[in-house]
Amino acid sequence: MAILLLAPTGCREVTEAFVHIDNGEERPINVYVDDVFVAQVNAGHCRRLTLPLGTHQFSVQALANKSTNSRSEILYSQSHTLETGNRPYRTPIYVLNPDGNNRYCEVALTDPDTAAADNGDPIVTLVSHQPATESLDGNENRTKILGENLQNEFNAMLEKTRLYDPRSFFRVDQTNHLFGPFPKSVFKLSTGSGPASAMVRIPIGLHQKLSRVKAVTDPTEADLELLQTATEAASSSISMK
């Protein structure tokens, strides 16, 4: 008995998943899971559902809007399997973007205590979870590497950018916070692998611009300038509190 009491119990595997319903419509939507009404989400808002792992039928109905003369209609109806994959002890996170109107990217913030800003606010950058191609030790080394040629500088900027494909349903693997406005304190949390991250909405046009420039294999100075402008625009779309 004593041996059994001292034996470690280990981590408990999760049995639920988080599904964020993000309404990109200009009217409310009703959400049904397995033919059961679970939530109404107002225009431009998001609602998080906690659901058991397994396969579920998701149906989303857009409500009638007199101001736009729009009728009630089914925006989305499809089955999806919620699973932990190779991380059985971490709650999986999914996003349902039923009408496909929203686009997303991931961002990271530096610690406000080390940010080079007069007002002390966090500095926002786009983030990638892809492994870095080179080890950068210090600002001097980074400046030297980026200054070697245009291609290196372009690639280095791409490493800070992570776009989500324009899909209606997808999994978010490595983010600490979803949507906004974000409390500045959340970005002081240590993730063990770099700064905390968050997923945000960005305009469709900006998503398309970033997608095009990321596909460039032989960048010009104009491409580099466009990429820099686009990433700055994505960063400025983040609302902080």
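Predicted model: local features only at pLDDT ≥ 70, side-chain atom pairs only at ≥ 80, totals over all residues.
**Entry 1**

What does Asp 22 form a salt bridge with? I found Arg 201, with the closest N and O atoms 2.6 Å apart. Asp 22 belongs to strand β1 (residues 16–22) and Arg 201 to strand β12 (residues 197–202), so this pair ties together parts that are 179 residues apart in sequence. Arg 201 has 29% relative accessibility and therefore counts as partly exposed.

β1 and β4 run antiparallel and are joined by seven bridges.

**Entry 2: the sheet around β1**

Next I wanted the strand order. The open sheet has four strands, in the order β4-β1-β7-β10, and the pairing is mixed. Which strands stand at the edges? They are β4 (46–52) and β10 (169–172); each has a single partner strand, so one side of each is left without a neighbour in the sheet. Neighbouring strands here are turned by 25° against each other on average, direction ignored.

I noted one more contact: Arg 48 lies over the face of Phe 18, at 3.8 Å from the ring centre.

**Entry 3: the other salt bridges**

How many salt bridges does the structure hold? I get three. As a reminder to myself, side chains of opposite charge can pair when their charged atoms come close.

Besides the Asp 22 pair with Arg 201, I looked at Glu 25 and Arg 27, whose side chains meet at 2.8 Å, N to O. Both Glu 25 and Arg 27 are buried. Arg 27 has a relative accessible area of 5%. Arg 27 also meets Glu 73 in a salt bridge, at 2.3 Å, N to O. Arg 27 sits in the loop between β1 and β2 (29–33) and Glu 73 in strand β6 (residues 73–82), so the pair ties together parts that are 46 residues apart in sequence. Glu 73, at 38% relative accessibility, counts as partly exposed.

**Entry 4**

Then I moved along to β2. Is β2 largely enclosed or open? Four of its five residues are buried, so β2 is largely enclosed by the rest of the structure. β2 runs antiparallel to β3, and five bridges join them. One bridge I checked pairs Tyr 32 with Phe 37 in β3. β2 also pairs in the antiparallel sense with strand β5 (residues 54–62), over five bridges. There, the bridge partner of Asn 30 is Gln 61.

β2 and β3 form a hairpin with two residues between them. Asp 34 has a positive phi of about 55° although it is not a glycine. Asp 35 is in the loop between β2 and β3 too, and it has a positive phi of about 70°, again without being a glycine. How accessible is Asp 35? At 70% relative accessibility, Asp 35 counts as exposed, whereas Asp 34 counts as partly exposed at 37%.

**Entry 5: rings**

I counted aromatic pairs and got five. The one I looked at joins Tyr 104 and Phe 170, 5.5 Å centre to centre with 55° between the planes, which is a tilted arrangement. This pair links distant parts of the chain: Tyr 104 is in strand β8 (residues 103–109) and Phe 170 in strand β10, 66 residues apart. Tyr 104 is buried, at a relative accessible area of 1%, and Phe 170 is buried at 2%. Elsewhere in my notes, ring pairs link Phe 58, Tyr 94 and Phe 169 into a cluster.

**Entry 6: helix α4**

Last, I looked up helix α4 (residues 204–214). Which residues of α4 are buried? They are Leu 206, His 207, Leu 210 and Val 213. They cover an arc of only 135° around the axis, which puts them on the same side of α4.

Note on methods:
Residues numbered from 1 in each chain as written. Heavy atoms only, no water. Salt bridge = Lys/Arg side-chain N within 4 Å of Asp/Glu carboxyl O. Buried < 20%, exposed > 50% of the residue type's maximum accessible area, 1.4 Å probe, protein only. Pairing = 2+ DSSP bridges. Axes fitted to C-alpha atoms, helices over the stretch in contact; angles between N-to-C directions. Arc of directions from axis to C-beta. Phe/Tyr/Trp six-rings, centres within 6.5 Å; stacked < 30°, edge-to-face > 60°. Lys NZ or Arg CZ within 6 Å of the ring centre and 35° of its normal.
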